[in-house]
Amino acid sequence: MVTRRAVLAAAGTAGLAVAGCTPDGDGPAATPTPGEAPPPPPSPRPATTVALRAGAGAPSARGVSAFVVDTDGVWANPYDPAQVDLTVTFAGPNKAELTVPAFSFQDYEPATGARLGEPHWLVRVAFPVPGRWTATATLAGGAKPLVSAPLSLDVGPAAEADARGFVRVAGGGFRYDNGSVFHPVGANICWSRETDPVKVLADFDRWLGKLGGFGGNATRVWMAAWSFALEWKDTGLGDYTARLRQAWLLDQVLDRAHRQGIRVMLVLVNHGQFSRSYNTEWADNPYNRANGGPLAEPEQFVTDEAAQALFERRLRYVAGRWAAHPALWCWEWWNEVSLTPISDAALAPWITRMTRVLRRHDPYRRPITNSYASGATSTIWRLPELDFACTHLYSADDAGRRMAEFAASERANAAGKPVVLAEYGASGGADDPGTDPEAIGWHNGLWAAAFSGFASGAMYWWWDEYLEKVDGWRQVNGLVEFLKGERLADYTPTPATVSGDVVALALTSRRRVLAWVRAGEYTVAGARAAYTEAVKDALRRNAELAYSYQPPTVSGAALSLTGLADGVWRARWLTCDGGTEVARGEARVTGGKLTLAVPTLVRDIALKLER
């Protein structure tokens, strides 16, 4: 993954704080404990009644609807299904049926983050179709199950914001339920370093608002110990009472993402929790035997029966609470599992087992993936339980020159499944706002990834330490606009030959070509060299530094493609910062070959070519 050095020392160890994550193994200075002290639990008593009532708002298709389950039962641990197994079954048109677990919910005051009211049982559901539905709650575990009176529901049509439905893997890429294309274009926004819940949400409001405002539609969020994890050293194992505020905060983040049209890849486990070498949090992990857990070594997490049973319990809660949320894009099992001592041979049966559990509690079958660190290779993405591959790249190499080779290798490892470039950066540290104030590195990664066969643009990592400082979010807009009306899965990466000081990447289909042509010097390295010269010049003149990178203008370049159908093709050249048309014309393909003059450019330009 990444690097975040010594930020915990500045943020403190309480509340929601950022953790350090470094490729050389430097971890956080301390492990935060964002849980709150829960109220004393009432004495347990068996349930004698169960009833179901509608929550706020009229239910509608494809959005999330909430229902309250009332019962007089009290349990020592309401998260343990061996004590309380509470589910709700929804029966609808054409014999449709969904059964979802209820979960213990505590509300909080948005303005202060203070506890609001008492814990109670909720169930969330996303109705796939409108019409007449019936809901029934069942409380199992006693001598005889308790069943509520049926609740009749008139589910309305989907609201405009929910009409597309959920994201699915289809045809080598991603589609929504309504068939429209989902091209993930966005950045990581995994956590906030703030400790005050109100400030945490202010951060996400700002970041998601910027990303969504420029058309970005994808991000990643981690359920890490310092952010949204349900259990850690402050909770022990299998009881999430002290982390209900973290769960509520994740609700709020998903709601905010949904309002911005952004889909969230939710990371369930980060590598540091079970690593002794990289960003290690093992000393604070409640699964560690030293903390009362069942494991002597972190790699036993995927083989120990007690640990697996506890994680299954957590999955039930996670799926019950968030599987129905319209902002959820997919589940990611592990961030960079290759940085743990867990081998693929041990991980594969764990993924198979846990996927069965997750599918049992997630009736919508949200896509599932898993990620590896930059430079790691694996064929585990070929498991049928993983719907697509998720890879990371940290490299100072020019993306325009390296990305195609990297994408081809990762696509081969994934054996035909879509591959998302879910983390991207130049190195284990944030880019320098001084030398690259316009986010050239991310810009090139975004375009190079999309034109090299990835199912996404490159999702940049340094959201708070770089993108916010340079207001780099705007970089997504050009690619988003260019991809409108396209479907990347319909294209094949194709070698492009260029003359002049440019690099080019191309995608071809039977009747269409997409190409990205970039000035050879429009790179972070070029900007850094120009910055160095500007500093030297300022020192020579004893003047203030005046720096703005302007790559050399490129004229007279040409782009050549082969393997095209003979005949007349129509070409449109577009800017990469919003899709303004620069030039258009016709060109004839003869013998499968086409050569086009590239318009004069300073940075980059994009081409759409069709028969």
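Is Arg168 buried, partly exposed or exposed, and what is its relative accessibility? I looked this up before anything else. I'm working with a predicted model here. Arg168 comes out at 24% relative accessibility, so I noted it as partly exposed.

**Entry: Arg168 and its partner**

I then checked what the Arg168 side chain pairs with, and found a salt bridge to Asp177, 2.8 Å from N to O. Asp177 is partly exposed because its relative accessible area is 34%, and the cut-off for buried is under 20%. As a reminder to myself, side chains of opposite charge can pair when their charged atoms come close.

**Entry: the total**

I picked out a few to go through one by one.

**Entry: Glu465 and Arg193**

Which residue does Glu465 form a salt bridge with? I found Arg193, with the closest N and O atoms 3.5 Å apart. Glu465 sits in helix α8, residues 463–470, while Arg193 is in the loop between β11 (173–176) and α2 (197–213), so this pair ties together parts 272 residues apart in sequence. I also looked up accessibility for both ends. Glu465 has a relative accessible area of 21%, so I filed it as partly exposed. Arg193 is partly exposed too, at 29%.

**Entry: Glu332 and Arg220**

Next I went to the salt bridge between the side chains of Glu332 and Arg220, which is 3.1 Å from N to O. Where do the two residues lie? I have Glu332 in strand β14 (residues 328–335) and Arg220 in strand β12 (residues 218–222), so I wrote this down as a link between distant parts of the chain, 112 residues apart. Are Glu332 and Arg220 buried or exposed? Both are buried.

**Entry: a network**

One network turned up, joining Glu486, Arg512, Arg570, Lys608 and Glu610.

**Entry: Gln308**

Last stop was Gln308, which I located in helix α4, residues 305–322. Its relative accessibility is 7%, which means Gln308 counts as buried. What does the Gln308 side chain make a polar contact with? The partner is the side chain of Arg353, at 3.5 Å. I listed the residues that Gln308 touches as well, leaving out those up to four places away in sequence. The list reads Phe301, Val302, Thr303, Trp350, Arg353 and Met354.

Definitions and conventions: Residues numbered from 1 in each chain as written. Predicted model: local features only at pLDDT ≥ 70, side-chain atom pairs only at ≥ 80, totals over all residues. Heavy atoms only, no water. Salt bridge = Lys/Arg side-chain N within 4 Å of Asp/Glu carboxyl O. Buried < 20%, exposed > 50% of the residue type's maximum accessible area, 1.4 Å probe, protein only. Helix = DSSP H or I, 4+ residues; strand = E, 2+ residues; numbered from the N terminus. Polar contact = N/O pair within 3.5 Å; in protein donor to acceptor, adjacent residues only side chain to side chain. Contact = heavy atoms within 4.5 Å.
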